[in-house]
Amino acid sequence: MGFIGGKKEAELAVGSAFAAALPQNPKPWYRSRNIIRLNLALMVPLLSSASVGYDGSMMNGLQTLPQWKQFFGNPEGAILGMMNAVYPLGKVVALFLVTYISDRYGRKLPIFVGLVCCVAFAIMQALSQNLPTFVIARALLGFFTSFISQPSPVLITELAYPTQRGKVTAIYLISRGRHEEARKFFTNYHADGDEDSALVKFEMDEIEHAITQEAELLSKVSWFDLVRTPANRKRTFIALILGWFSQWNGVGVVSYYLTLVLNTIGITDVKDQTLINGLLQIFNWLVATFCGALMVDRLGRRTLFLLSTAGMLGSYIAWTGLTSAFVAHGGTDMGRAVVAFIFIYYFFYDIAWTPLLQAYPVEIYPYTLRGRGLSFTLITSFVGLIVGNQVNPIAMKAIGWKYYIVFCCLLACLLVLVWFFFPETKGHTLEEIREVFEGKLDVDMNGKLAHVETGHKDEDKKHEHGTKEIELA
């Protein structure tokens with residue numbers, strides 16, 4: 001059921017055990033009332049998460065307008081970098097707070113607060129009459145976009161229909177003891193009201209099993225648990241690579257400073273720059289949706305990351321060489337070829353780094369660390385964006401197209417890191433994902449785990465001899 005059709009393809013998405021619990025003769029998603037109602041409800045976090053990327057295209061558009069540049073005194077270099085960098089700076093500050101709120105009170109509250117505040121401070125930014133007000137509005141806007149960007153992908157992963165999200169994961173209702181509400185949700189939206197559905201039983205059993213294993217230590221979980229065990233250190237290293245290189249793979253130069261890039265190849269007309277910026281955003285959305293997100297369960301996460309990074313590297317090398325030729329010899333054909341490779345580069349970026357930046361860390365972390373793991377990924381991403389927004393305009397002004405060589409080298413390093421460290425998570429259940437990082441799990445005679453992924457040990461001495469302490473990733 002859903003976007004993936006056929007038993008074989010369902011097994012690729014969710015694994016054979018889970019696929020066995022799915023309806024034997026599923027209807028297409030567009031003929032299933034429960035799936036339609038579920039997907040309409042998920043439009044809120046989907047659109048909320050997507051709205052976060054609007055800032056880059058907006059600032060690119062503003063930098064093409066002579067009126068905006070004159071109003072703020074033609075900002076460039078460090079001043080222009082500050083105007084852009086203060087937005088992700090607000091995001092970083094907020095992530096520590098929103099992680100606590102999301103884990104403590106659920107995902108809906110921070111999303112609601114974030115949406116209301118983002119509307120308010122977007123209006124403040126639009127009405128800014130001077131540089132300080134504009135910068136403050138952007139900082140506050142960035143702060144509250146984290147209230148949207150952090151919980152939205154987690155909520156989508158927790159509630160989406162199994163074949164449309166790749167695998168079963170924990171749901172915050174069950175983690176708070178609201179089992180009947182969770183069962184009712186799955187019955188209504190995953191089984192079309194069938195209370196005896198094998199799918200509902202499988203999902204509830206899988207989630208309750210994971211929550212039981214982890215809930216005893218939930219109150220003890222801290223940020224240090226991200227690096228406490230070898231498996232968690234591997235997860236966090238992957239999250240670090242994802243976050244940092246999501247901004248330092250060359251995309252930051254174009255996402256906020258497309259105007260400076262186009263200036264280096266002789267495209268300086270406002271109309272042309274605005275048109276290219278607009279077409280690029282539409283192109284990004286189409287590729288991320290139809291060539292990225294919908295291929296995740298067909299090709300797998302690791303394959304997409306490798307294909308994406310290799311394609312970006314090839315595109316950047318061609319882009320750098322063509323820009324060098326344009327600077328040396330001129331010619332409009334060279335400039336047009338550079339624009340073409342910018343689109344080709346974004347094609348490869350969009351098939352993996354756009355849809356998987358938030359989805360991949362949500363998959364690889366266990367329930368108790370999922371919120372902090374995603375927050376760490378976003379923190380490293382936003383720190384990379386802060387540094388890039390400050391450094392990129394200065395470097396572009398100082399050395400021009402030669403700055404692209406730096407990203408060619410970084411992309412080569414990234415390809416090696418992805419090859420050696422990124423595991424495949426396609427078609428795995430909760431327990432199978434843990435086994436990807438830790439190997440087969442051991443349990444005691446009662447079927448309970450004695451030592452979970454956070455590394456905390458059971459302090460109850462009266463059970464010491466009856467429990468074998470293990471480490472669960």
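The angle here is about 155 degrees, and the axes of H14 (residues 230-245) and H22 (residues 404-421) are 11 Å apart. An axis is a line fitted to C-alpha atoms, for helices over the stretch in contact, and angles run from 0 to 180 degrees between N-to-C directions. H14 passes H22 in a left-handed crossing; that is, the near helix is turned anticlockwise from the far one by less than a right angle, while clockwise would be right-handed.

Who does the touching? On the H14 side it is Lys234, Phe237, Ile238, Ile241 and Phe245, and on the H22 side Leu410, Leu414, Leu417 and Phe421. Contact means heavy atoms within 4.5 Å. Sorted by class, this contact has 8 nonpolar, no polar and 1 charged residues. For the classes, Ala, Val, Leu, Ile, Met, Phe, Trp, Tyr, Cys and Pro count as nonpolar, Asp, Glu, Lys and Arg as charged, and the others, Gly among them, as polar.

## The whole protein

This is a predicted model, where local features need pLDDT of at least 70 and side-chain atom pairs count only at pLDDT 80 or more, while totals for chains, interfaces and linings use all residues. Residues are numbered from 1 along each chain as its sequence is written, and side-chain values use heavy atoms, with hydrogens and water left out.

The protein has 23 helices and 0 strands. Both kinds of element are DSSP runs numbered from the N terminus (helices are H or I with at least four residues, strands are E with at least two). Take the contacts with a separation of 6 or more: 80% of them join residues 24 or more positions apart.

Next up are H18 (residues 301-329) and H19 (residues 332-350), which pack at an angle of about 165 degrees with axes 8 Å apart. H18 and H19 are therefore roughly antiparallel, and H18 passes H19 in a left-handed crossing. Among the residues making this contact are Gly311, Tyr316 and Trp319 of H18, and Gly335, Phe341 and Tyr345 of H19. The class count is 17 nonpolar, 5 polar and no charged residues.

H7 (residues 108-126) and H8 come within 8 Å, axis to axis, and cross at roughly 165 degrees, so H7 and H8 are roughly antiparallel too. Their crossing is left-handed. The contact includes Gly114, Cys117 and Phe121 of H7 and Arg138, Leu141 and Phe144 of H8. By class it divides into 17 nonpolar, 4 polar and 1 charged.

Phe143 also sits in H8 (residues 131-149). Skipping residues up to four places away in sequence, Phe143 touches Gly90, Lys91, Val93, Ala94 and Leu97.

## What's inside

A nonpolar core is a set of buried Ala, Val, Leu, Ile, Met, Phe, Trp, Tyr and Cys residues joined through side-chain atoms within 4.5 Å. The largest one here has 59 residues, and Phe305, Tyr316, Trp319 and Trp353 have the most contacts inside it. H18 gives the largest share of this core, 9 residues. Beyond four places in sequence, Trp353 touches residues including Ile241, Phe245, Phe305, Met312 and Leu414.

A second, separate core of 32 residues includes Ala85, Val154, Val362 and Leu385. Val362 lies in H20 (residues 353-364) and counts as buried because its relative accessibility is 1%. Leaving aside neighbours within four places, Val362 is in contact with Val154, Thr157, Arg370 and Leu374. Val362 and Leu374 are 12 residues apart in sequence, with 6.2 Å between their C-alpha atoms.

## A couple of details

Is Asp297 buried or exposed? Asp297 counts as buried, at 9% relative accessibility. This residue lies in H17 (residues 296-299). Asp297 and Thr425 are 128 residues apart in sequence, and 9.4 Å apart in space from C-alpha to C-alpha.

Finally, look at Asn74 in the loop between H5 (66-71) and H6 (77-105). Its phi is near 50 degrees, a positive value in a residue other than glycine.

Terms used: Angles under 35 degrees count as roughly parallel, over 145 as roughly antiparallel, 65 to 115 as roughly perpendicular and the rest as oblique. Buried means under 20% relative accessible area, exposed over 50%, partly exposed in between (1.4 Å probe, protein chains only).
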